[in-house]
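Hi everyone, thanks for coming. Have a look at the sequence and the model on the screen, and then I'll walk you through a few places in it.

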Amino acid sequence: MNTIPLDLQIVNALAALLLLLSFSMLSQRRIVSLVNLLAMQGLLLTVATLMVAWRTGETHLYLSGLLTFALKVLFLPWLLHRLIRRLEVYWDTEPLLNIPGTMLVGVLIVVFAFGLAQPIAELASETTRNSIGIAVAVILLSFLMMITRSKAMSQVVGFLSMENGLFFGAMSTTRGMPMVVELGIALDILVAMLVLGVFFFQIREQFDSLDLHHLESLKEGD
Amino acid sequence: MNWLNWLDQFIEVLVALAAAPLLLGWVNMCRAWLQNRSAPSLLQPYRGIRKLLHKDAVLAHNASSLFRIAPYIIFGTMVAAAAMIPMLGTRLPFTAAADAIALVGLFAAARMFLSLAAMDVGTAFGTLGARREMMVGFLAEPTLLMVIFVASLMTATTALPLIAENLAAAQLAIHPSLLFTAVAFAMVMLAENARIPVDNPATHLELTMIHEAMLLEYSARHLALMEWAAALKLFNYACIGLALFVPWGLASNGDPIRLGLAIVLLAGKLAVIGAGLALIETLSAKLRVFRAPEFLATAFLLAVLGLLVRLLQVAR
Amino acid sequence: MLLRASRRPGGAPESALTTLLALVTAWLAIGLAGLIRPRSLEFAGRALFVAGAVVGLLLAIVAAMSIALPAESVVLPIGLPDLPVHLRRDALSSVFLFLLGSASVGISLFAAGYFRSGEGTLPGVLCLEYHLFLAAMAMVLLADDAYAFMVAWETMALSSYFLVTTQHRIPEIRRAGFLYLLIAHVGAIAILLAFGILQGGSWQFTFDAMRGAQLPPIWAFAAFALALFGFGAKAGLVPMHVWLPEAHPAAPSPVSALMSGVMLKTAIYGMLRITFDLIGTPTWWWGLIPLGLGLFTALYGVIFAATQSDMKRLLAYSSIENIGILFTGIGLAIVFHGVGMDAMAALALIAVLYHAINHAFMKSLLFLSTGAVLHATGERNLGHLGGLIHRMPWVAWLTLVGVLAIAGLPPLNGFVSEWLLLQAFLLAHEVPKPFVNMLLPLGAALLVLSAALAGYVMVKFYGIVFLGQPREAALHDAHDASVLERVGLVWLAAGCVLLGLLPAQIVPMLAGVVADLGINASAAVTSAQSWWMLAPLPARSISYAPLVFTLAVVSAVLVTVLVGRLVYRRRTRRADPWDCGYERINPRMQDTAEGFGQPIRHLFQPFFAMDRELPSPFDRAPRYRVVVFDRLWRLLYLPIERIVQRAANAVSVLQQGRISAYLLYSFVTLIVLLASVL
């Protein structure tokens with residue numbers, strides 16, 4: 001076994017845990033737990049970013065790590081929890097595809113993502129191969145979660161988790177994006193969350209529920 | 001194959017036989033401490049077995065001979081299984097004869113005999129226990145095999161002692177795949193040994209019992225053997241876990257000093273595992289029977305994910 | 001490839017092929033002899049079947065000895081003029097002939113004690129059909145041209161159809177027989193078309209010409225796909241499996257055993273023959289189709305087996321599972337062979353051949369034991385059985401061997417082939433194709449899952465039939481199997497044990513067969529292999545020594561018994577069952593077959609279409625009813641039936657019932673024909 005530096009081993013392990021969290025999200029029906037899992041994902045991202053920062057010695061990665069922590073571990077979960085309490089949505093209704101079925105599709109998605117990552121990983125350095133595959137898998141799994149859930153709240157969590165996957169992939173392969181881009185994305189998410197929060201209240205005012213079924217009659221004449 | 005290796009093999013089986021109830025006693029003791037109860041003696045399981053061996057055996061009228069020989073078969077398979085698991089040393093003469101797949105098969109055979117024996121008298125509880133045991137089994141068995149597959153992918157062998165030897169010799173590194181499989185294995189171990197999230201070893205009169213429901217018609221020597229076999233099974237599983245995930249400190253030859261050292265080390269590792277088991281059992285609640293498959297399916301999923309992560313690493 | 005070229009034209013007088021042909025003729029003669037005194041059960045139903053068993057034994061011996069011999073062929077001038085019958089025996093044929101002969105010994109002996117008078121068809125006719133069936137299967141294995149193959153194939157299908165409908169007075173049995181015949185013929189058409197493609201424009205329908213034909217890849221694939229469909233229909237590959245659970249319960253038990261144990265394997269033989277011999281160079285991705293279908297079939301079969309309440313249907317579904325495992329192995333071998341990993345391909349194919357033989361023994365054993373139970377009790381429904389281990393100890397203990405074997409438990413034979421297949425699967429990640437190298441190891445997970453479920457099914461089968469309390473009063477009068485029946489069962493059980501204990505003898509033989517198919521099998525048997533230890537693949541340290549393993553387990557059990565005798569000094573007495581202190585236990589409190597299958601129904605709900613009737617809590621006479629359907633019936637077969645109906649209705653427009661209209665049709669046909677000739 002060729003030697004991999006310890007910090008990269010840890011990043012790899014964190015990547016694996018990130019994948020695990022994505023699967024836990026897929027199987028979780030309680031929205032509160034979903035938000036907690038999202039916070040844990042943020043924590044993993046923070047640690048991974050700091051690891052990479054320590055390795056490359058780039059200061060902007062430290063900053064980015066701190067930003068991740070503040071935004072994804074503290075602020076967004078807090079906001080979401082507040083929203084949940086205010087809106088009183090604790091459970092998602094039965095997902096469109098049952099949990100074991102979702103899991104099965106999830107495993108196939110992982111196979112697909114890993115297979116997809118193989119040629120990319122050959123171009124990248126040996127050590128980041130794991131991370132690319134897992135980042136793609138996390139993105140696709142979050143997508144799957146958004147597809148199978150019916151509550152707007154869980155879809156927002158899926159969206160945020162997708163962003164986490166993107167962030168992880170970018171961070172682990174290219175040593176992070178330029179600071180400006182990262183700040184931009186962070187701001188985007190923040191604004192998006194606030195807008196969505198307002199939007200949720202509006203939806204509930206209108207339909208007395210956060211179930212997205214009510215938004216589905218997009219065609220006229222139904 | 002020198003005689004020291006044979007000695008090692010022999011000592012190993014003896015240690016397993018003798019220490020299995022001790023491990024059970026230790027788990028019970030830790031559990032009592034954690035739950036603020038006064039703990040039973042460490043030797044309580046031995047006393048239980050001794051007591052049972054001094055009683056008249058009672059058999060149901062329509063118990064067949066299958067019912068009578070099943071305890072011996074189950075106990076014998078567990079002893080044979082102990083011989084295949086590297087507990088003290090890795091140079092077991094038995095290595096070439098039976099690999100990890102055969103070991104899983106052996107566990108399956110024991111489970112099948114247990115379930116058949118439970119169905120033999122034809123009581124409501126017996127058949128119910130048998131059905132549930134097989135339900136747990138058909139999910140736990142593939143998970144265990146997938147766990148072993150991951151380890152065997154890393155070591156190019158399916159013989160458990162060689163897997164342990166190769167893993168111990170490899171450079172120390174964090175293997176994400178092994179993290180996954182370790183959790184999966186722990187879940188299987190809980191399920192297979194009738195521990196708390198799946199089954200409760202402490203209760204009898206409960207509609208959700210699995211393992212105890214199958215033993216209801218047994219008494220005296222048969223029951224003693226069954227209880228001892230259950231303790232051995234727990235011991236075996238703990239040792240498989242140690243061989244896969246903490247393989248350091250196994251004697252790679254039959255040297256008596258290293259063997260002695262290995263015994264001490266094994267005792268230490270098992271003490272930690274036992275305490276951990278007690279902790280899990282204290283912290284978690286018994287699942288409804290129909291949540292048990294979900295629990296095991298999660299374990300299966302974890303093992304499969306471990307396999308995939310491993311494949312991602314080695315794929316060309 | 002080299003072995004294929006070396007053939008002895010004509011064959012020496014005492015060549016194995018001649019002997020085999022003589023034995024097949026002997027089977028035919030025995031069958032015809034049944035017509036001498038067709039009503040005599042003693043003669044046609046007993047003596048001739050024993051004679052058939054002897055012929056089977058000789059056939060098995062000759063076939064086993066001829067496995068290592070070079071291929072030989074012969075041309076017999078029978079049949080249509082200018083269309084002689086080409087026959088050939090090579091290693092592959094020999095293995096399957098061995099399977100046929102050795103399994104038929106046990107089945108024929110059992111059958112000699114099984115048939116009673118007054119059950120539908122006369123004993124003499126039955127004897128003819130039975131031996132014709134055996135002979136036809138042997139001819140399928142020996143045929144060396146498409147013509148002979150199809151004739152033998154159809155004879156096999158027809159004779160087994162008549163055997164299935166032995167009790168033709170029962171409408172369900174007639175219906176089951178019709179379904180069987182229908183699917184068999186749809187499959188046969190596909191096989192015929194496959195041969196049509198394989199001749200590759202030479203219009204020579206001998207297998208030799210097909211081997212030589214150079215097919216464009218697309219046509220080769222078409223032939224492969226047609227063969228997969230045709231042989232899959234015969235073997236019971238999902239979705240062509242529907243006939244199996246109907247035909248097997250309908251047939252008398254020895255016939256079920258023969259069909260499930262042996263006839264399904266002729267389809268495996270055909271698949272191997274066309275893929276590896278006639279096409280010769282399968283492309284790697286073809287293998288993914290049988291692999292995927294096989295895995296699905298295995299899981300599908302075993303899940304349905306777990307929910308059955310008729311013991312023969314349960315076994316039929318279990319056969320479907322095993323066919324799935326066999327096709328999985330074939331697919332895996334094609335993938336490995338296609339990417340040049342011949343050692344693993346050889347391992348997978350050895351596993352397939354081994355499992356085919358294993359399944360012949362264990363499934364025949366189980367089907368025969370259901371026959372014994374059926375005769376003793378008159379019941380096939382698991383809900384009316386139970387506790388038979390007390391009344392029928394012979395059958396019960398011998399069945400236990402088969403049950404443990406088919407559940408894949410060491411040291412019996414089912415474990416060996418599953419071990420080999422798993423070892424091959426463990427290397428699947430080295431296939432240098434993206435996606436596939438990740439998907440294939442997941443296949444191993446599915447395979448293991450279905451193997452574990454097989455254990456569940458077998459506990460259900462055995463526990464409900466033989467253990468517990470009798471569910472009906474009539475069961476107290478059940479009688480054990482007759483002597484001849486017992487001998488047949490012992491033969492098959494002994495086969496299960498020996499095949500489990502001596503794989504190190506058998507695997508090198510099978511490796512020779514695989515090498516004969518053009519796959520380099522040299523690495524499948526390593527130098528570490530000895531007469532008691534199996535050790536394939538040199539790069540990996542894997543080995544299995546069932547004899548040592550068994551010795552260890554048995555000695556551990558014996559020591560336990562011995563020490564128990566020495567230490568334990570107390571008495572043993574009998575009492576009522578305890579059951580947690582509940583006093584009034586009755587047999588109806590035991591788990592039913594439906595109850596035992598309930599967890600599976602619950603867990604794998606999407607597979608089933610269920611019809612459920614639950615009592616309300618206030619029902620005076622509560623009735624619980626659940627019927628499980630095969631979802632594929634509704635998804636696939638009923639739509640096809642509707643389409644056929646509609647097409648038939650459209651055609652019926654032509655039927656005018658007036659002479660002039662029919663004359664007009666003839667006239668138009670004539671004109672069209674003449675025009676096309678011009």
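**Two chains and where they meet**

Let's begin with chain C, where the domain assignment gives domain 1 (1–197) and domain 2 (604–677); such bounds come from an automatic or database domain assignment. The C-alpha centres of these two domains of chain C lie 34 Å apart.

A quick word on the ground rules. This is a predicted model, where local features need pLDDT of at least 70 and side-chain atom pairs count only at pLDDT 80 or more, while totals for chains, interfaces and linings use all residues. Residues are numbered from 1 along each chain as its sequence is written, chains are lettered from A and ligands numbered from 1 in the order in which they are written, and side-chain values use heavy atoms, leaving out hydrogens and water.

Now to the interface of chain B and chain C. How many residues does each chain bring to the contact? Chain B brings 84 and chain C brings 75, with contact meaning heavy atoms within 4.5 Å. About 6900 Å² is buried between them, and carbon and sulfur atoms give 72% of that. Buried area here is the accessible area (1.4 Å probe) that two parts lose on being put together, summed over both. Of the area that chain B buries against chain C, Met112(B), Arg131(B) and Phe138(B) supply 10%, more than any other three residues.

Arg131(B) comes up again, as its side chain meets that of Asp591(C) in a salt bridge (2.8 Å, N to O). A salt bridge means a side-chain nitrogen of Lys or Arg within 4 Å of a carboxyl oxygen of Asp or Glu, and the rule finds 3 of them across this interface.

Let's zoom in on Leu106(B). You'll find this residue in helix α4 (residues 100–120) of chain B; helices (H or I, at least four residues) are DSSP runs, numbered from the N terminus. Is Leu106(B) buried or exposed? Leu106(B) counts as buried because its relative accessibility is 3%, and buried means under 20% relative accessible area (1.4 Å probe, protein chains only). Leaving out residues up to four places away in sequence, Leu106(B) touches residues of both chains, including Ala80(B), Met84(B), Pro410(C) and Phe549(C). Ala80(B) is 26 residues from Leu106(B) in sequence and 8.6 Å away in space, C-alpha to C-alpha.

Last stop: Ser450(C), in helix α18 (residues 436–466) of chain C. With 1% relative accessibility, Ser450(C) counts as buried. Among the residues Ser450(C) touches are Ala298(C) and Glu321(C).

Notes: Helices (H or I, at least four residues) and strands (E, at least two) are DSSP runs, numbered from the N terminus. Buried means under 20% relative accessible area, exposed over 50%, partly exposed in between (1.4 Å probe, protein chains only).
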